[in-house]
Amino acid sequence: MAEQGSSTKQLVPTLGFGDLMGAAVGQIIGAGIMSLMPAAIENTGRSVFLSFLVAAVLTCCTAIPAIFITSVVKLRGGIYTQLHMVGGDLAAGMYVIIYVMSNMSISMYGLSLASYLTDLFQIDASYDKWIALVILTAFLILNLIGLDVFAKVQNLLVIILIGSLIMFGVAGFGKVSWGTYFQPDEYWMPNGVMGMLESGGLLVFATGGATTILSYGAEAKNPTRDMPLVIVISTLAVAVMYAFLSCVAAGVLPYEQVAGKNLTVVADAILPKALYYVFIIGGAGCALASTLNNSLASKPKPIMQMCDDGWLPQSFAALNKKKVPWKIQIFLYIVAVICTVSGLSIAILGNMTQVASAVSNVIIAWGTMRIPKLVPEAWEKSKFKVPQGVLNVLCVLGACGAAFNGYLNIKKLDTNLIIFNVVLIGASFIFGYVRSKTVHPEPSYEVM
């Protein structure tokens, strides 16, 4: 049984529709535009917008289970609860290891934000790691203060972010060389169709950010109404924005000037100096800051439920006076610091968190077919209810999308990282199999 003050049952519902939308949009845009687009342009050139479309399709496929499940139940442990609900104890146990390791990606946002700041203030790039550590520390402190402060800061960051990106897109749209943009040359799909698809697989990490709000299930005021809508609206809206902005990012300057470079290069070419600084601070800065802020706030919740269920020590989920799981947040901070100091590249961090997670996404998609049997009354009331045959087809589509995304990502990894992922999946299975013989979690979802 969970200790008083350390269970997900102790979390207070404070987040409304707007708060969840701010969290979803901030998570999506921060990772997609600012961290991974330069790597995608380097790999696929001006066809990068097609990679975003591929990523959007794969994202929508993998989000199908989340849309159906969040329309019928409140998930106290986010995606972990979702997986346990449809996959059982073994799948839940496997996900403990996969999820904890996936949080290595937090350092990606700190490193990206540090890179933009060094460009802005013309600081030597050798200081990136130190600046990233200061940024991680600042946002750790912010999130330890409480969820109400997180929500206010997040909403403000997203408002500034959207305005700055619209400014960038409008200013650059007329400067794109549209006459030659779609011309098949050495900078249009330089690595062929597969290179474009591989970039799409990498960018799923970006466009898939909306499902992060599952972690706020215990803190949402009306989760079964708000969460499905937020996932759908935020994913589609940001996908359209991505396609628009990626054309500007890849089409204003020659390929060799933008490949692998962050968006400050393009912004400097299309914006007056004053607006350039507005974009750096309001666009790049707020995008990455909002993603980092949301990651530190949302990622501890599934781990809390893992502690409640007995996979991890219950004391690890202890809450402070502001109902914040402070031990888990400090642990995630330490992981991010280690990854930052180790020098892992942003692209590698993005891929490392995708391949193993694809296994869990396939299990969730396949298991979602059982929703009508698991919660029949709630399913009957769901606004997203579809016939069983249609549900089966959509779930199979979701499973295929998750599997294909995993395939695209593993193609980008070198031998050592492939071995790492195989070992991680194997270790997760062994952990889940052994521990599930003694750990039998109670359902952590609630019919609303």
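1. A helix axis here is a line fitted to C-alpha atoms over the stretch in contact, and angles run from 0 to 180 degrees between N-to-C directions. Helices (H or I, at least four residues) are DSSP runs, numbered from the N terminus. With that in hand, helix α8 (residues 192-207) packs against helix α19 (residues 388-410) at about 110°, the axes being 8 Å apart. The pair is therefore roughly perpendicular (65 to 115 degrees).

2. A word on the source: this is a predicted model, in which local features need pLDDT of at least 70 and side-chain atom pairs count only at pLDDT 80 or more, while totals for chains, interfaces and linings use all residues. Residues are numbered from 1 along each chain as its sequence is written, and side-chain values use heavy atoms, with hydrogens and water left out.

3. In contact (heavy atoms within 4.5 Å) are Met194, Leu197, Glu198, Gly201, Leu202 and Val204 of α8 with Phe404, Asn405, Leu408 and Asn409 of α19. By class, six of these residues are nonpolar, three polar and one charged; Gly counts as polar in this scheme.

4. Two backbone spots deserve a look. Most residues other than glycine have a negative phi. Gln122, in the loop between α4 (106-120) and α5 (128-145), has a positive phi near 55°.

5. At 32% relative accessibility, Lys323 counts as partly exposed, the class between buried (under 20%) and exposed (over 50%).

Definitions and conventions
Helix = DSSP H or I, 4+ residues; strand = E, 2+ residues; numbered from the N terminus. Buried < 20%, exposed > 50% of the residue type's maximum accessible area, 1.4 Å probe, protein only. Parallel < 35°, antiparallel > 145°, perpendicular 65-115°, else oblique.
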